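Subject: Model handover

Hello,

Here is the structure for you to look over. My notes follow below it.

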Amino acid sequence: METLLKILNGLHPDVDFEAIDDLYDEGVLDSLDMVRLVTEIGMEFDVQIPAEELIPENFQNVNTIMALIERLDEE
């Protein structure tokens with residue numbers, strides 16, 4: 001979780017990602033952020049996020065993103 005928070009804070013250092021319930025509804029992440037986030041997750045966690053997993057439900061908040069990473073890591 002710490003690594004994921006470091007990645008997210010690199011995108012927006014002024015945001016408390018642990019306090020946000022929905023990164024999209026609150027307008028925190030845009031499409032450019034998503035590209036950077038997916039790339040950095042791939043490098044840091046050594047997982048590839050397939051296109052079909054690039055849905056808002058997987059990127060709502062820190063917990064859903066971490067769950068996605070853990071699930072992909074198990075595959």
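In which helix does Ala-67 lie? The answer is helix H3. Bear in mind that this is a predicted model.

Ala-67 itself has 39% relative accessibility, so this residue counts as partly exposed. In sequence, Ala-67 and Met-1 are 66 residues apart. In space, their C-alpha atoms are 9.9 Å apart.

Now helix H3 as a whole. The helix has 13 residues, 62–74.

Which residues of H3 are buried? They are Val-62, Ile-65, Met-66, Leu-68, Ile-69 and Leu-72. Their arc around the axis is only 155 degrees, which means they sit on the same side of H3. The spacing follows a general rule: an α-helix has 3.6 residues a turn, so residues three or four places apart point the same way. The buried residues of H3 pack against H1 and H2. Turned away from that buried side is a face that carries the exposed residues Asn-63 and Glu-74.

The start of H3 has a contact of its own. There, a side-chain oxygen of Asn-61 comes within 3.0 Å of the backbone nitrogen of Asn-63.

Next, charges. How many salt bridges does a search of the whole structure find? It finds one. The partners are the side chains of Arg-71 and Glu-53, at 3.0 Å from N to O. Arg-71 lies in helix H3 and Glu-53 in the loop between H2 and H3, so the pair ties together parts that are 18 residues apart in sequence. Arg-71 has 33% relative accessibility and therefore counts as partly exposed. Glu-53, at 15%, falls under the 20% cut-off, so Glu-53 counts as buried.

Asp-22 is in the loop between helix H1 (2–11) and helix H2 (31–45). Is Asp-22 buried or exposed? Asp-22 is buried, yet has no salt bridge. The nearest side chain of opposite charge is Arg-71, 16 Å away. What lies by the side chain of Asp-22 instead is backbone nitrogen. The backbone nitrogen of Tyr-24 is 3.0 Å from a polar atom of that side chain. For the backbone nitrogen of Asp-25, the distance to a polar atom of the Asp-22 side chain is 3.1 Å.

Best wishes

Methods:
Residues are numbered from 1 along each chain as its sequence is written. This is a predicted model: local features need pLDDT of at least 70, side-chain atom pairs count only at pLDDT 80 or more; totals for chains, interfaces and linings use all residues. Side-chain values use heavy atoms; hydrogens and water are left out. Helices (H or I, at least four residues) and strands (E, at least two) are DSSP runs, numbered from the N terminus. Buried means under 20% relative accessible area, exposed over 50%, partly exposed in between (1.4 Å probe, protein chains only). Lys and Arg count as positive and Asp and Glu as negative; His and the chain ends are not counted. A salt bridge is a side-chain nitrogen of Lys or Arg within 4 Å of a carboxyl oxygen of Asp or Glu. A polar contact is a pair of N or O atoms within 3.5 Å; within protein, one must be able to donate a hydrogen and the other to accept it, and residues adjacent in sequence count only if both atoms are side-chain atoms. The expected span of a helix is 1.5 Å times one less than its number of residues. The arc is that of the directions from the helix axis to the C-beta atoms. Contact means heavy atoms within 4.5 Å.
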